[in-house]
Structures are given as structure tokens and as C-alpha cells.
Amino acid sequence: HSFPTRRSSDLPSPPIASVANSTDSGTLTAAEIVRKVFEQYDSLTNYSATGKSVSLIDMSGIDSSKIPVPSDEAATTSQDEIKKAMSKPQRIENDFTMKLGRPDLYRIEWEGQMGTIQSKGAAWSAGKGDFLLIDIGQVKYVKMDSREMALAAATGVSSGAANTVPQIFFKGRSSLLNSFREATRDADETVEGDDCYVLTGNALGMKVHLWVKKSDFLIKQKQ
């Protein structure tokens, strides 16, 4: 599966000596770029972004009758819609917003559609616990035991929006930078007007591509 996401911070880039005093950007290695990404997110006190996440999911091997649906007159229709949606690979698009603040404040919201099924949700903490809300035709609201659990539970339904940047920002155990291995640098690209470094590596057995903005070493896109 691929999970491309586009993000842009509304915060000015903080001055980081290691970035400003670095050698020409063309000579940076993949490992040096990854280190600067880590340093940049670590330097931020807060972060906000909007973007789109996309997933391609094949659920044809799953028994749709075991998926909970509303227990009312809409149940039969919902079950038929789910079965139809699961009969072939589905493209899921989610528009998302996120606001992150140290030490433990965050709110990530997403809304999207898979076939005829609409979904939306949120994961958040305002300093008094971690919460998750998922609405896929049926609302589920849960108080989670920790931020890690809330973000992990939201990762799939948000097409990865609740995982990549939040885990890096909070230095979570599931941070992509903790598992990004064998990174190589590809040809630079421009994405939505931003000049980007392009990195390819492996994370937990999956090939991952990262587009990192040259201007501030924040992640622009992931696939």
C-alpha cells in the first residue's frame, strides 16, 4: 500500500545552525538529511498542517458479515454497501488537519470516503486524557490509555495521517525515523512549488519514499 500525504507548516522555520552552516545541499547524504529532519521537528514547540492522505486497500479476503453495522433498518443496506466496497481494491482519500503542541497536546481530524462509505474521525488530547472518535456510519467514542495507543488506533482509518508527523514530532516509539533504514538519496523534485530532497528507504519491511523540503527540512510528502 502507498500512503502519500502532503503537509505544510504555518510556522516560520526556526533558525538552526546546523542547517544554516551546512555544506551545499547537493552534497548532503541521505543520512544527513534524515538527521536534519529529526533536528527540525525536535526544535518546534508546535506544528499545524492540512493535507490529503490516500490509501489503496484490498479487503477482498475479509468476511464482511463480521464487520459491525448499525442495528436498525439501515443495517441491510450498510452490509450490502460494505460487501460491495470490499469486493475489489478501494481507494480511500482523507482530507486532514492536525495541530500539535508540546508536551502532549494534539488534535488530528480526518474526513474521507471509500466507495459509497463516508468516514470521519479525530484523535486528540487537550491535556486531560487521550481520546478517539471514529464515524463510519456508526459513531465510536473511546478514551484511550495513552497518546501512542490513540495515534496507533487512528493510523489506519486516517490513511496514515495520524502517524507519520505526529509520531516524529512527539518522538513516539512508532516514529518513522526510528525504523527508516538503508536510506538513499534520489533525484531532487519540486512538489507544489517546494524544492525537495527525495529519499528512499525501508521501514518495517516496506519501501518508503520521503519528500523533504529544502527550505526547512520538514516532510512534504510520504509514499
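Colleague: What do the buried residues of H4 pack against?

Modeller: This is a predicted model. In it, the buried residues of H4 pack against strands E4 (105–114) and E5 (117–125), against E6 and E7, and against helix H5 (164–169).

Colleague: Which residues of H4 are buried?

Modeller: Helix H4 covers residues 147–155, and its buried residues are Arg147, Glu148, Ala150, Leu151 and Ala154.

Colleague: Where do they sit, seen down the axis of H4?

Modeller: They fall within an arc of 165°, so they line one face of the helix.

Colleague: You mentioned E6 and E7. How do they run, and how many bridges join them?

Modeller: Strand E6 (residues 130–135) and strand E7 (residues 139–144) run antiparallel, joined by 6 bridges. Asp135 stands opposite Val139 in E7.

Colleague: And what is there between the strands of that hairpin?

Modeller: There are 3 residues between the strands, and in this hairpin Gly137 takes a positive phi near 85°.

Colleague: Change of topic, the largest nonpolar core. Which residues touch the most other members?

Modeller: Tyr41, Tyr47 and Leu100, out of 40 residues in that core. Helix H2 (residues 30–43) gives the largest share of the core, with 5 residues.

Colleague: Is Tyr41 buried or exposed?

Modeller: Tyr41 is buried, because its relative accessible area is 0% and the cut-off for buried is under 20%. Tyr47 is also buried, at 2%.

Colleague: What is Tyr41 in contact with, leaving aside its neighbours within four places in sequence?

Modeller: Tyr47, Arg102, Val165, Ile168, Phe169, Phe217, Leu218 and Ile219.

Colleague: How many aromatic pairs does the structure hold?

Modeller: There are 7 aromatic pairs. In the pair of Tyr41 and Tyr47, the ring centres are 6.0 Å apart and the planes are at 55°.

Colleague: Why does that pair count as tilted?

Modeller: Planes under 30 degrees apart would be stacked and over 60 edge-to-face, so the angle of 55° makes the pair of Tyr41 and Tyr47 tilted.

Colleague: Phe169 was among the contacts of Tyr41. Which aromatic cluster is Phe169 in?

Modeller: Phe169 forms one aromatic cluster with Tyr106 and Phe170.

Colleague: Phe217 was in that contact list too. What lies over the face of Phe217?

Modeller: Lys36 does, at 5.9 Å from the ring centre.

Colleague: And which residue lies over the face of Trp124?

Modeller: Arg107 lies over that ring, at 5.1 Å from its centre.

Note on methods: Residues numbered from 1 in each chain as written. Predicted model: local features only at pLDDT ≥ 70, side-chain atom pairs only at ≥ 80, totals over all residues. Heavy atoms only, no water. Core = buried A, V, L, I, M, F, W, Y, C linked by side-chain atoms within 4.5 Å. Buried < 20%, exposed > 50% of the residue type's maximum accessible area, 1.4 Å probe, protein only. Helix = DSSP H or I, 4+ residues; strand = E, 2+ residues; numbered from the N terminus. Contact = heavy atoms within 4.5 Å. Phe/Tyr/Trp six-rings, centres within 6.5 Å; stacked < 30°, edge-to-face > 60°. Lys NZ or Arg CZ within 6 Å of the ring centre and 35° of its normal. Pairing = 2+ DSSP bridges. Arc of directions from axis to C-beta.
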